Amino acid sequence: MIKALRFTAIFLLLFNGIGALYGGGLLILDPTGDKLQLPLSYLQHAPFKDYLIPGIVLFLANGVLSCVVCILTFTHHRRYAHFIILQGVILSGWILIQVLMVQTVYQLHYIMGAVGLALMGAGSLLLLKDISKQQLQ
């Protein structure tokens, strides 16, 4: 079960990380959002005039960090389960804030929200398994 949870977490971290590196990178390169077909009107209720700051945050917090957590998970870092949970919280927070700012819910919000929740769940189960394994030693 631990291998399956770790595999699932690695898959979800890569899914999130690669998508966020791609999307965030495009928003940094083109803050108008045209390359991703995101009109600036989506930001009418947000404190941003373009997508540069959201792109940087997306690239770093969900892209780079997710890839780092993936490496930590793959290499069995002693706190990898904590980092999986953290990445799930960051992704879920990102989605929640995005929905509040855009004031619309899109299908991708549901998908990525589910990924965030799944990361929190997988990380929590892995953490519980680690704790129970330590108590048996």
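In which helix do Phe 11 and Phe 15 both lie, and how many residues apart are they? Both residues belong to helix α1 and are separated by four residues, about one turn of the helix. The structure is a predicted model, in which local features need pLDDT of at least 70 and side-chain atom pairs count only at pLDDT 80 or more, while totals for chains, interfaces and linings use all residues. Residues are numbered from 1 along each chain as its sequence is written, and side-chain values use heavy atoms, with hydrogens and water left out.

The chain contains four helices and zero strands, where helices (H or I, at least four residues) and strands (E, at least two) are DSSP runs numbered from the N terminus. The order of elements from the N terminus on is α-α-α-α. The C-alpha trace spans about 55 × 25 × 20 Å along its principal axes. Of the 137 residues, 38% count as buried; buried means under 20% relative accessible area, exposed means over 50%, and partly exposed lies in between (1.4 Å probe, protein chains only). Contact is defined as heavy atoms within 4.5 Å. Among contacts between residues at least 6 apart in sequence, 71% join residues at least 24 apart.

Two helix pairs are described here, α1 with α3 and α2 with α3. Axes are lines fitted to C-alpha atoms, for helices over the stretch in contact, and angles run from 0 to 180 degrees between N-to-C directions. Helix α1 (residues 2-29) and helix α3 (residues 80-102) have axes that come within 11 Å and cross at roughly 40 degrees. This angle makes α1 oblique to α3; under 35 degrees counts as roughly parallel, over 145 as roughly antiparallel, 65 to 115 as roughly perpendicular and the rest as oblique. The crossing of α1 with α3 is left-handed, the term used if the near helix is turned anticlockwise from the far one by less than a right angle, with right-handed used if clockwise. On the α1 side the contact involves Ile 2, Arg 6, Ala 9, Leu 13 and Asn 16, which meet Tyr 80, Ile 84, Gln 87 and Leu 91 of α3. The residues of this contact divide into six nonpolar, two polar and one charged. In this division Ala, Val, Leu, Ile, Met, Phe, Trp, Tyr, Cys and Pro count as nonpolar, Asp, Glu, Lys and Arg as charged, and the others, Gly among them, as polar.

Helices α2 and α3 pack at an angle of about 160 degrees with their axes 9 Å apart, and are therefore roughly antiparallel to each other. Their crossing is left-handed. Helix α2 contributes residues including Pro 54, Val 57, Leu 58, Ala 61 and Leu 65, and helix α3 contributes residues including Phe 83, Ile 90 and Trp 94. Tyr 80, Ile 84, Gln 87 and Leu 91 of α3 are also among the residues of the contact with α2. The contact of α2 with α3 divides into 13 nonpolar, four polar and no charged residues.

Rings of Phe, Tyr and Trp (its six-membered ring) pair if their centres lie within 6.5 Å; planes under 30 degrees apart count as stacked, over 60 as edge-to-face and the rest as tilted. By this rule there are two aromatic pairs. Phe 11 and Phe 15 form a stacked pair, at 6.5 Å centre to centre and 15 degrees between the planes. Phe 15 is partly exposed, with a relative accessible area of 41%. The ring centres of Tyr 42 and Tyr 106 are 5.6 Å apart and the planes lie at 45 degrees, so this pair is tilted. The pair links distant parts of the chain, with Tyr 42 in the loop between α1 and α2 (52-74) and Tyr 106 in the loop between α3 and α4 (107-136), 64 residues apart. Tyr 42 counts as partly exposed at 26% relative accessibility, as does Tyr 106 at 32%.

The loop between α1 and α2 also holds Leu 40, which is partly exposed at 40% relative accessibility. Leaving aside neighbours within four places in sequence, Leu 40 is in contact with Pro 31, Thr 32, Lys 49, Asp 50 and Tyr 51. Gln 37, in the loop between α1 and α2, has phi near 55 degrees, a positive value in a residue other than glycine. Gln 37 is exposed, with a relative accessible area of 71%. His 76 lies in the loop between α2 and α3 and has a positive phi near 60 degrees. At 49% relative accessibility, His 76 counts as partly exposed.
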